[in-house]
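Subject: Handover of a structure, with notes

Dear colleague,

Please find below the structure I would like to hand over to you. My notes on what was found in it follow directly after.

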Amino acid sequence: MARSVLAAAARVARWADRALGPGGDSATADGKATLSDATARRAAEALGLTADQVRADWDTARLAGLIEVHGDSARPGWRLRAWDRDDSAVLRGWVALCDAWSLACPEPEDHEHAAVAEVVTAMPQVLSFLQLSAGPVPVPQLLDLLQQRVTELRTERCEVDYEPRPGTSGASGTPAVAPEPRPAPAADAPLQPLLDWALRALASVGALTYGDGQATLTPLGSWAVWVKLEQICVAAQSPAGNIEQGAEDMLRGCAQLRPAAARAEYRAWLAARPVGSAVTELIAAARGEDALLRGLAFEALRVVGAPAEPEVRAALDEPALRPYALLWLAEHDGADPEDAHEVLTREEATWLWVDTAAAVADHGEAPLLLRHLETAVQPTVPSLLDEVRAVGHPRTVQVLVALAAAHPDPAFAKALRRAAFQVHKGG
């Protein structure tokens, strides 16, 4: 169903990928993602559509993440590239379109923006009611529910009027009178036209059917509501209570958890925020100085899955993140986690070994550090030390000193200290 709803948008997106790629024509004319007239006519001729159809499909493709617009150029989104091989990418694209339903149809004229915003905020409850009803619901019943929810929203944001009144304290020192709450505005704005607009917009994205005075969720719309409710439940069951924290503090809170418990915490944390901003936060945490957080951030990104691919791929250009990103991408493409390290060059593997050793040195114990020494890819200690010095990891000195302090062999510890001294002196 999602593929069917997005098929026309995917067709326009593929045409844009071919015709508007690097060195091609500009996609937009105003820098606001609006398709230029010349490009719309060109696409219409190529695809056998009208210019209006092309514009509508273009807008759908943008909302679904099939096209990304940057300035006056367009490029395919990751969902378009994964379209043929990844059903989850198609479903995520449709969910993104469904979440943006209020942009799918022009909002009614002659209505205040505040009233429109109230209806948009109230519609999830209406959709939940439709999902629980599991069948057609008369529009008057939905209108009653919408009016109740809008009234609740207006009551919740009831403000206290602090404007001076006669008898309040002022420059003259008159005794103060407690401010009176400003009453919530009456729900007297006509909501019928706004409900009609909302239902038509949701029908246009395939979330429900609307006609003959009733509305019914489609199977796709029912699934989407169920997923949202599940996310709320997952977020409410955060095992370690870190969902309110930023990415860095959340990862620190997960450092002492077992892998399964940590993954549950990652899922709860991710369910409580938009996936795009969550991925950005995790990448930012990975850029920090704490090597342990770097590894944990990429574990959390494994839980994110395909939506993290663009930012993880961009991280390949950052030396500190490149080994982690290569392993993530290899596993994402289906490689066995035990064999994923084969995508790393010898230098990248050594850099990752030093980074992991830094995490162990900062947060682990001496026996764990010694076991990590045994995982080095180099066959001999001299070759290990030579390659460790060559990769230029900023924590090399501290790692070598920590290994020297932990190793029981005096001769080996001396060699480690000598190597640390040479790195410290720039040798």
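Contact here means heavy atoms within 4.5 Å of each other, and helices (H or I, at least four residues) and strands (E, at least two) are DSSP runs, numbered from the N terminus. Please keep in mind that this is a predicted model, in which local features need pLDDT of at least 70 and side-chain atom pairs count only at pLDDT 80 or more, whereas totals for chains, interfaces and linings use all residues. Residues are numbered from 1 along each chain as its sequence is written, and side-chain values use heavy atoms, with hydrogens and water left out.

As an overview, the secondary structure of the protein comes to 21 helices and five strands. Of its 427 residues, 41% count as buried, where buried means under 20% relative accessible area, exposed means over 50%, and partly exposed lies in between (1.4 Å probe, protein chains only). Among the contacts in the protein with a separation of 6 or more, 61% are accounted for by residues 24 or more positions apart.

On the α17 side, W353, V354, A357, A358 and A361 meet T396, V399, A402 and L403 of α20. By class, this contact has eight nonpolar, one polar and no charged residues (Ala, Val, Leu, Ile, Met, Phe, Trp, Tyr, Cys and Pro count as nonpolar, Asp, Glu, Lys and Arg as charged, and the others, Gly among them, as polar). T396 is itself buried, with a relative accessible area of 3%, and, leaving aside its neighbours within four places in sequence, T396 is in contact with V354, V388 and V423.

The second pair is α19 (residues 381–391) with α21 (residues 410–424), which pack at an angle of about 20 degrees with their axes 11 Å apart, and α19 and α21 are therefore roughly parallel to each other. Here V381, L385 and R389 in α19 meet F412, A415, L416, A419, Q422 and V423 in α21, and by class the contact has seven nonpolar, one polar and one charged residues.

Helix α16 (residues 322–332) is mostly covered, with eight of its eleven residues buried, namely P323, Y324, A325, L326, L327, W328, L329 and A330. These buried residues pack against α14 (291–304), α15 (309–314) and α17, and just after α16, G334 takes a positive phi of about 110 degrees.

A74 lies in strand β2 (residues 73–76) and counts as buried at 12% relative accessibility; A74 and D17 are 57 residues apart in sequence and 7.7 Å apart in space, C-alpha to C-alpha. As for the cysteines, C98 is buried with a relative accessible area of 11%, C105 counts as buried at 15% relative accessibility, and the count of disulfides (pairs of cysteine sulfur atoms within 2.5 Å) comes to zero.

With best regards

Notes:
Axes fitted to C-alpha atoms, helices over the stretch in contact; angles between N-to-C directions. Parallel < 35°, antiparallel > 145°, perpendicular 65-115°, else oblique.
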